[in-house]
Amino acid sequence: MKTRQDVIDFCLSFDDSYEDYPFDDFNWTVMRHKSNKKMFAAIYEHMGKIWVNVKCDPNISHLWRSTYESVVPAYHMNKFHWNSIILDSSVPTCDIKIMIDDSFELTKSKKRKV
């Protein structure tokens with residue numbers, strides 16, 4: 001993945017997702033669940049690169065950060081639960097997709113126990 005649109009298109013491939021621009025700054029694209037309105041990805045340009053914030057299991061967020069220099073504690077987010085992926089071609093697309101998919105799963109509505 002190299003562009004904002006690549007990330008948006010992948011995020012829209014999930015059922016129950018939509019694209020949102022909730023801020024006055026249209027640099028920020030937020031991908032949300034239709035069912036609960038929770039964000040699972042934030043896409044923006046920062047320091048001349050496209051960045052993607054994704055929610056992570058706190059037990060593996062450090063693993064991604066130690067594997068790739070371009071995965072860092074999330075910009076403008078809780079550093080324990082969120083990572084930023086900098087799209088500079090150093091993180092393979094398959095791993096970017098895994099991180100986005102994990103974020104989608106972590107933020108979707110939970111099924112209630114009966």
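In strand β6, serine 84 is the bridge partner of valine 72. Three bridges join β5 to β6, and the two strands run antiparallel. Two strands count as paired if DSSP finds at least two bridges between them. Helices (H or I, at least four residues) and strands (E, at least two) are DSSP runs, numbered from the N terminus.

This is a predicted model, in which local features need pLDDT of at least 70 and side-chain atom pairs count only at pLDDT 80 or more, while totals for chains, interfaces and linings use all residues. Residues are numbered from 1 along each chain as its sequence is written, and side-chain values use heavy atoms, with hydrogens and water left out.

Now the whole sheet. Six strands form an open sheet, in the order β1-β2-β3-β4-β6-β5. The pairing is antiparallel. The edge strands are β1 (17-20) and β5 (71-73), and each pairs on one side only. From one strand to the next, the twist averages 25°. Axes are lines fitted to C-alpha atoms, for helices over the stretch in contact, and angles run from 0 to 180 degrees between N-to-C directions.

Strands β3 (residues 39-46) and β4 (residues 49-55) pair in the antiparallel sense over six bridges. Here tyrosine 44 has tryptophan 51 of β4 as its bridge partner.

Two helices pack on this sheet. Helix α1 (residues 4-12) touches β1, β2 (29-33), β3, β4 and β6 (82-87). The direction of α1 makes about 175° with that of β3. Helix α3 (residues 93-107) touches β1, β2, β3, β4, β5 and β6. The direction of α3 makes about 40° with that of β4.

β4 also pairs with β6, in the antiparallel sense and over six bridges. Valine 52 stands opposite isoleucine 85 in β6. Why is β6 largely enclosed by the rest of the structure? Six of the six residues of β6 are buried, so the strand is largely enclosed. Buried means under 20% relative accessible area, exposed over 50%, and partly exposed in between (1.4 Å probe, protein chains only). Both faces of β6 are covered. Trp82, Ser84 and Ile86 are buried on one side, and Asn83, Ile85 and Leu87 on the other. In a regular strand the side chains alternate between the two faces of the sheet.

Next, the cores. A nonpolar core is a set of buried Ala, Val, Leu, Ile, Met, Phe, Trp, Tyr and Cys residues joined through side-chain atoms within 4.5 Å. The largest has 24 residues. Those with the most contacts inside it are Val7, Phe40, Val52, Ile85 and Ile100. α1, β3, β4, β6 and α3 each supply at least two residues of this core. Apart from it lies another core, of nine residues, among them Val30, Tyr44, Ala74 and Ile86. In soluble globular proteins, nonpolar side chains tend to be buried together.

Leaving aside neighbours within four places in sequence, valine 52 is in contact (heavy atoms within 4.5 Å) with Val7, Ala41, Ala42, Ile43, Asn83, Ser84, Ile85 and Leu87.

Helix α3 has 15 residues and reaches 21 Å from its first C-alpha to its last. That is close to the 21 Å expected at 1.5 Å a residue, where the expected span is 1.5 Å times one less than the number of residues. Buried residues of α3 include Asp95, Ile96, Met99 and Ile100.

Aspartate 95 counts as buried because its relative accessibility is 14%. The side chain of aspartate 95 makes a polar contact with the side chain of tyrosine 68, at 2.3 Å. A polar contact is a pair of N or O atoms within 3.5 Å; within protein, one must be able to donate a hydrogen and the other to accept it, and residues adjacent in sequence count only if both atoms are side-chain atoms. Beyond neighbours within four places in sequence, aspartate 95 is in contact with Trp64 and Tyr68.

Serine 70 sits in the loop between α2 (58-67) and β5. Its relative accessibility is 6%, so serine 70 counts as buried. A polar contact of 3.0 Å joins the side chains of serine 70 and serine 90.

Threonine 67 lies in helix α2. At 44% relative accessibility, threonine 67 counts as partly exposed. Its side chain reaches the backbone oxygen of leucine 63 at 2.7 Å.
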